Amino acid sequence: MDVVSDAISAVHLGHPWSHRVRTSGSWCARLDPYDGAGFYVVLEGNCWLLTDGGTLVPLGVGDAVLLPHGTGHVIADSPVDAAVAEEKAVPFEQWLVAEGPRARPAHDETEMLCGKYWLDCSRMHPLMAELPEVVHLPNRVGSHLELRAAIDLLAGELDESRPGSCVALPNLLDLLLVYMIRSWMAETTCGVWPGALGDPVTASALRAMHSNPAAPWSNDRLAAEAGVSRPTLARRFTTLVGRPPMRYLTWWRVILAATLLRDTPDTLATIAGRVGYGSPYALSHAFEREFGTTPGRYRAKVAKGSPHEPNRASQAGS
């Protein structure tokens, strides 16, 4: 896998939730903070988003916005400040129910796609962690063509129940998340990871480690993979990623082991082999150093439903 895919897969929990909503008149709804990422795509009309951090974002037709850290926010028909939001905003779930389906469009109608991705924020990849509070992707002719195509396909699936929609819908939602992050990386002028993945030397080393984390990598082998000397790799990788190549590899192997403990019934010995450790003991030692708990206790906690993972009932009821 590649770095972006791995960064998302490591934290992704369960199935995303989505809804298509039409509203008109004066309205204001609040969504409290949660462990995950939220998104809005405006299909018709316009609205405003105000985060708990005070960021006010105008949204027009075709605009997409991602809140990658589950920031609490208000979405409204007009600009609001914190005081107005406190007075007027109704809980988001209550607002969705109140809107319901509309038999005929109103002249001031706003139509949106909205949804949530459940994420395990306890082991966020730094690529995900450095995403800003709000990723605003304005609609511009000729830009983000893949994102626009995914939005069109998603809107079509939400229009009606079609054969295969139970498979198509969650996959389109996952694709939407990838394209929003990819679009941000293409546009941003700051951030560590767009620079790291844009550097051919660092990107080659990262691609090698993520494609085969169990391989017996060394600084020399990674430098050869990147086509540079060992000192050059160490300098460029450490500068862009923030840690030396082998330290990054050790960290990523443990994060990958946590994902396998969560998502598979594999034994610790099997997982150790898959992530490049020679024995379960060696993996346990590295795992406890990173997470402060043993692999067995971690797996038991996840199986019971940790605070970072919503239970299935809460997902179904969202």
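Biologist: Before the counts, which rings pair, and how are the pairs classed?

Modeller: Rings of Phe, Tyr and Trp (its six-membered ring) pair if their centres lie within 6.5 Å; planes under 30 degrees apart count as stacked, over 60 as edge-to-face and the rest as tilted. This is a predicted model in which local features need pLDDT of at least 70 and side-chain atom pairs count only at pLDDT 80 or more, while totals for chains, interfaces and linings use all residues. Residues are numbered from 1 along each chain as its sequence is written, and side-chain values use heavy atoms, with hydrogens and water left out.

Biologist: How many aromatic pairs does the rule give?

Modeller: The count comes to 12 aromatic pairs. The ring centres of Trp251 and Trp252 are 6.2 Å apart and their planes are at 45°, so this pair is tilted.

Biologist: Are Trp251 and Trp252 buried or exposed?

Modeller: Trp251 and Trp252 are both buried, where buried means under 20% relative accessible area, exposed over 50%, and partly exposed in between (1.4 Å probe, protein chains only).

Biologist: Which aromatic cluster do they belong to?

Modeller: Trp251 and Trp252 form one aromatic cluster with Trp193, Phe237 and Tyr248.

Biologist: What about Phe287 and Phe291: where do they lie?

Modeller: Both lie in helix α13 (residues 280–291), 4 residues apart, about one turn of the helix. Helices (H or I, at least four residues) and strands (E, at least two) are DSSP runs, numbered from the N terminus. Phe287 counts as buried because its relative accessibility is 0%.

Biologist: Changing topic, where is Ala10?

Modeller: Ala10 is in the loop between α1 (3–9) and β1 (12–23). With 2% relative accessibility, Ala10 counts as buried.

Biologist: And which residues is Ala10 in contact with, neighbours within four places in sequence aside?

Modeller: Ala10 is in contact with Arg123, Trp252, Ile255, Thr259 and Arg262, contact meaning heavy atoms within 4.5 Å. Ala10 and Ala257, 247 residues apart in sequence, are 9.6 Å apart in space, C-alpha to C-alpha.

Biologist: Now the whole chain: how many helices and strands?

Modeller: The protein chain has 15 helices and 10 strands. Its radius of gyration is 22 Å, close to the 20 Å that the globule rule gives for 318 residues, so the chain is as compact as a globular protein of that length. That radius is taken over C-alpha atoms, and the globule rule is 2.2 Å times the number of residues to the power 0.38.

Biologist: What share of the residues is buried?

Modeller: Buried residues make up 47% of the 318 residues in the protein chain.
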